[in-house]
Amino acid sequence: MIKLISTFTVRFIAQFLFCLISLYYLVATAGTRINYVSFPEAIYFYAFVILFFALFFFAKKQQSERTHYGMLAFWFFILLISMPFALLKITLGTNDMEPIILFFRDNGMEEVAAIGRGSFASAAGLEMTFVSLLILSAYFLNKILTSFSKVLLAICIAHLAISPLSQYIYRQVVPNPVHANYPAAELIKEPEIITRPTTQKNLILIYLESLERSYVDLPETKQVYKHFQALEDKSINATNVDQTIGTTYTIAGMVGTQCGVPLLPKALNNGLYGRKDSGVVIETFMPKIRCLGDILSEDGYILSYMNGASTKKYSKRGFLASHGFTRFFDEDSVPMPEQEGRRNIWGFNDEVLFDKAREELSYLASQEKPFVFSMLTLSTHGPDGFLDTTCAPEDVEKTGSGIPDAIRCTAIHLQQLNQFLDENGLSENTVVAVMSDHFARRSSMASSLSSMQDARRNLFYYSDGSQPRTIDKEGIALDIYPTLLNAMGYELVDGRANMGVSLLSDTPSLRTVINDDLILNSIFRSNHAMGNYLWREE
């Protein structure tokens with residue numbers, strides 16, 4: 001009797017763990033939260049219940065000593081190729097194929113490991129525990145249940161059906177019919193300049209890592225965001241800039257805001273771009289797309305870029321060098337003794353960044369040419385921010401997150417930079433533009449941000465010496481490119497530059513014309529024809 005109860009208990013626990021963890025990873029891969037009431041999300045919860053009881057009541061006990069491991073091995077193989085997509089969704093909030101392909105273009109597994117160790121070590125440990133329990137429970141159930149192989153097959157089919165890799169390959173063979181209605185050659189119109197400015201303005205372009213305008217509406221960050229509101233109130237403030245596929249990570253946000261196009265790969269073979277160990281080198285980054293740097297470098301500007309991480313990784317140097325930038329500053333530009341105690345997992349922190357930014361701006365101002373200076377901050381990066389030595393943690397205990405402190409300190413750095421510009425006479429003929437690089441990814445503020453859903457918006461404001469005002473025209477990151485040209489005094493035909501439409505023009509933006517997030521994103525998702533057009537060389 002005791003042995004029977006013991007066997008019953010072990011089987012019950014094994015089935016419970018297997019069903020629960022299997023559904024957990026299926027849901028994670030699909031990117032849907034479990035909901036017990038609202039359909040279609042509730043289907044995942046009830047699928048777990050049905051699967052559990054089917055295993056428990058209908059699966060027969062193994063009658064022979066022979067155990068079949070073929071299906072178990074196949075399930076393990078599918079688990080190996082599916083698990084990275086589930087883990088990416090859990091840790092970063094996305095598992096789209098486009099950024100994965102582009103990431104591996106010029107980064108190797110050492111960069112992946114570095115990010116994992118530095119940002120998500122505790123989460124990785126928890127997931128490894130789950131995976132171990134899943135494998136052990138599957139092995140045990142495969143030994144005692146005759147019909148368990150059918151359950152494994154069903155789960156394998158489900159993983160293959162929802163896998164981003166399977167869907168991406170499928171769309172290479174069977175294109176989305178929506179793509180045919182929006183051909184790249186018609187959507188992408190090279191900017192036609194009607195008039196150029198009589199006086200050339202400098203441009204300072206500041207990307208704030210994962211710092212979106214949505215923080216103004218969250219209870220945890222509303223107070224600290226007032227520092228940014230003080231800056232916005234003195235600027236031309238665009239309050240309705242949404243995010244789309246192809247602009248959801250740093251280099252994609254930079255390409256979108258400077259080139260007016262989404263960053264899409266050619267196809268799976270584009271994944272080798274720039275790999276140090278591949279022997280494949282493509283010297284140009286979207287060579288036929290005319291970007292902000294192309295226009296301004298041709299007009300005599302010096303273009304400079306700075307960030308705390310390495311510019312050789314994550315595609316930034318390749319993109320910028322292909323489009324007019326000639327000066328680059330990163331962690332390799334600052335002696336290590338000077339970075340001592342002022343670093344994070346990515347590179348030197350924002351304290352060093354803003355110090356070096358002032359030095360570079362002083363140098364650029366001393367030249368006889370107009371300049372573009374662009375920089376990317378780090379402190380508001382997930383999962384919990386990276387505070388520098390000048391940033392005292394004041395809100396962590398109240399909010400349970402380091403992000404609010406990082407937001408406050410980033411605003412203070414910007415205020416101090418504005419003061420430097422004023423004191424050195426650089427504000428008079430300079431457009432200073434501040435923007436998100438993309439929406440915040442999975443972080444300690446994730447649950448609060450996800451509650452906003454479609455109300456999330458990117459940050460974008462700029463000052464050009466004119467009267468402050470608010471722009472509420474609907475737009476996306478692609479519209480920032482022509483808006484910057486307008487702010488600098490360039491007049492464009494229809495206010496257009498590639499796929500972007502100036503937020504200052506009366507021409508409806510792509511976001512306004514389509515007016516449907518699902519359709520707009522489906523135009524860009526897995527659009528191999530558009531990717532090939534963006535990367536064409538002739």
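This is a predicted model: local features need pLDDT of at least 70, side-chain atom pairs count only at pLDDT 80 or more; totals for chains, interfaces and linings use all residues.
Two packed helices are described by the angle between their axes and the distance between the axes. For helix α3 (residues 70-92) and helix α7 (residues 148-162), the axes come within 9 Å and cross at roughly 25°. Because angles under 35 degrees count as roughly parallel, α3 is roughly parallel to α7. The crossing of α3 past α7 is left-handed. On the α3 side, the contact is made by Met71, Leu72, Phe74, Trp75, Ile78 and Ser82, and these meet Ser149, Leu152, Leu153, Ile155, Cys156, His159 and Leu160 of α7. Of the residues in this contact, 10 are nonpolar, 3 are polar and none is charged.

Charged side chains come into view with the salt bridges, of which the structure holds 16. In one of them, Asp242 pairs with Arg457, with 3.7 Å between the closest N and O atoms. Asp242 belongs to strand β3 (residues 236-242) and Arg457 to the loop between α19 and β8, so this pair ties together parts 215 residues apart in sequence. Asp242 is buried at 7% relative accessibility, and Arg457 is buried too, at 16%. Both residues also belong to a network of salt bridges that includes Arg511 and Asp517.

Another salt bridge joins Lys356 and Glu338, at 2.6 Å from N to O. Here helix α16 supplies Lys356 and helix α15 supplies Glu338, so the linked parts are 18 residues apart in sequence. Lys356 counts as buried at 15% relative accessibility, whereas Glu338, at 31%, counts as partly exposed.

How values were computed: Residues are numbered from 1 along each chain as its sequence is written. Side-chain values use heavy atoms; hydrogens and water are left out. Axes are lines fitted to C-alpha atoms, for helices over the stretch in contact, and angles run from 0 to 180 degrees between N-to-C directions. Helices (H or I, at least four residues) and strands (E, at least two) are DSSP runs, numbered from the N terminus. Angles under 35 degrees count as roughly parallel, over 145 as roughly antiparallel, 65 to 115 as roughly perpendicular and the rest as oblique. A crossing is left-handed if the near helix is turned anticlockwise from the far one by less than a right angle, and right-handed if clockwise. Contact means heavy atoms within 4.5 Å. Ala, Val, Leu, Ile, Met, Phe, Trp, Tyr, Cys and Pro count as nonpolar, Asp, Glu, Lys and Arg as charged, and the others, Gly among them, as polar. A salt bridge is a side-chain nitrogen of Lys or Arg within 4 Å of a carboxyl oxygen of Asp or Glu. Buried means under 20% relative accessible area, exposed over 50%, partly exposed in between (1.4 Å probe, protein chains only).
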